[in-house]
Amino acid sequence: QSSAYALNKNDCRSPSFYIKNINVDFTKKSIIEARSLAEHKARLIALNRLFLRLTLKNKDLIFKKSKILQLVEFLKINNEANSNTRYIANFDVCFNRDLVIKFFHKNKLQYAESYKEPISVLPIFKGPRGPILWDKKDAWYSLWKDKLGLIDGLVKLKLAKGNLYLNRNITTSIISNSDEAMIKKLVANENTKSVLFVIAEPDIQNDGKKYLRTYTKLFNSEGKLENIIYRNKIALKKKSSLYDIEKKIFHDEVSNIVNFIERNWKKDNLIDPNIVNQVDLWIPISLRASTKLEKTFVFNDKSIKVKSTSGFMDKGIIDIGEELILYKDKRPKSFEKITRSLLNTKKKIEYKKDAVILQKNIETWPLSINILKGLPFVTEVKIVSISKHGGRVIVKFLGNKKTFFHATYEKGLFFKNLSNHQYILSK
């Protein structure tokens, strides 16, 4: 079976199943043999990296060559060079999502494939003269910079770049007091929804023992502290200076923090193929705008005279009493080109002056449905009923409810208990 190739990474339909930057180098009696072995090696490396990304397994799995070839959608050659006997190349590998998931199901492997929204990371080393930030000579900062350039998991961590104002104004008190206003400016500058402070702080106790304390603080887009994700304390050699810390200790802690964050994200988003579940959801249609009739509206009127159409869509659907009315044009004080009794709603012969007219934010409905359908572990989204107030939806999926609601929260859909068996979209 021959290899399939692509010119563009966008040809891969599932980003979670796309592995980048694999280097291979083989020398054999012929270039054909060297290239064949190099391509197989690239697929094998990519498959092990894929399993490391999506599952909680730490050991490499053993696969037959034919199975690996079957799971790969295509190879993308980034660059290559060769002689008569040697082949050197850099590949990206796209896997067939459906076949990989079938493999997970067959082997009863739990997996995650949802990416977390990008998080900005600000390394902070508490030195003898205060916090050190954005200093390329600082070992803690430089190791984070190197590590973040190599991350290949589902949690997208990026180095916070800052700017001249932030670099000068993020002080010890800002960090210690978690100053919301300044941190909000930092998050906005980084164009992410959150920022993670990764702090390394040397400490000497009363008994003379020395430690490096490491911990993280996660802040949301409003600058509010959401969580302290990680804490650790590493004993330091007594004879060394408090601030003379081995680079290996820093290196190990950077890896520990990244692995801890990645592992916890996968745990919260694991898809268990052995569990078939469902939730009963109510998705309300929220109010967009309201007004009142300026004059009595009767059955044969061609337009609706109102006090104001401010806030209403240029064309759309409005509620009056129990009736839905479609309008195709609006003016400052009227709705024009109307169609009465939409969806067979109840039509009255006359509506009195000052009767309330409402317009619902109907965009919420299809947006929510599309997000639910787009969740990778969802198998069915069934619309049970819909009215002008909202709709009832049954969602079937693989895994537990914690995973489901964690994923919807990450996508901006916040559900809360409506009753013992039903949940309502609250935002």
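Here are legends for a few close-up views of this predicted model.

View 1. The largest nonpolar core runs to 98 residues, and Phe95, Phe197, Val395 and Phe404 have the most contacts inside it. Leaving aside residues up to four places away in sequence, Phe95 touches Phe17, Ile19, Arg43, Ala46, Leu47, Leu50, Leu71, Val72, Glu73 and Val100. There's also a second, separate core of 15 residues, with Phe297, Ile304, Phe335 and Ile357 among them.

**View 2. An open, six-stranded sheet with antiparallel pairing.** Read across, the strand order is S13-S20-S16-S17-S18-S15. S13 (287-292) and S15 (304-305) sit at the edges with a single partner strand each, so one side of each has no neighbour in the sheet. S15 pairs with S18 (residues 334-339) in the antiparallel sense, over two bridges. Look for Lys305, whose bridge partner in S18 is Ser334.

View 3. Phe125 belongs to strand S5 (residues 116-127), while Tyr243 is in the loop between strand S11 (231-235) and helix H8 (247-268), 118 residues apart in the chain. Phe125 counts as buried at 7% relative accessibility, whereas Tyr243, at 34%, counts as partly exposed.

**View 4. An aromatic cluster around Phe404 and Phe405.** Phe377, Phe397, Phe404, Phe405, Phe415 and Tyr423 make up one cluster. The ring centres of Phe404 and Phe405 are 5.0 Å apart and the planes are at 80°, so this pair is edge-to-face. Both residues are buried.

**View 5. Charges over tyrosine rings.** Arg231 lies over the face of Tyr215, 5.6 Å from the ring centre. Lys233 lies over the face of Tyr211, at 4.5 Å from the ring centre.

Definitions and conventions
Residues are numbered from 1 along each chain as its sequence is written. This is a predicted model: local features need pLDDT of at least 70, side-chain atom pairs count only at pLDDT 80 or more; totals for chains, interfaces and linings use all residues. Side-chain values use heavy atoms; hydrogens and water are left out. A nonpolar core is a set of buried Ala, Val, Leu, Ile, Met, Phe, Trp, Tyr and Cys residues joined through side-chain atoms within 4.5 Å. Buried means under 20% relative accessible area, exposed over 50%, partly exposed in between (1.4 Å probe, protein chains only). Contact means heavy atoms within 4.5 Å. Two strands pair if DSSP finds at least two bridges between them. Helices (H or I, at least four residues) and strands (E, at least two) are DSSP runs, numbered from the N terminus. Rings of Phe, Tyr and Trp (its six-membered ring) pair if their centres lie within 6.5 Å; planes under 30 degrees apart count as stacked, over 60 as edge-to-face and the rest as tilted. A charge sits over a ring if NZ of Lys or CZ of Arg is within 6 Å of the ring centre and within 35 degrees of the ring normal.
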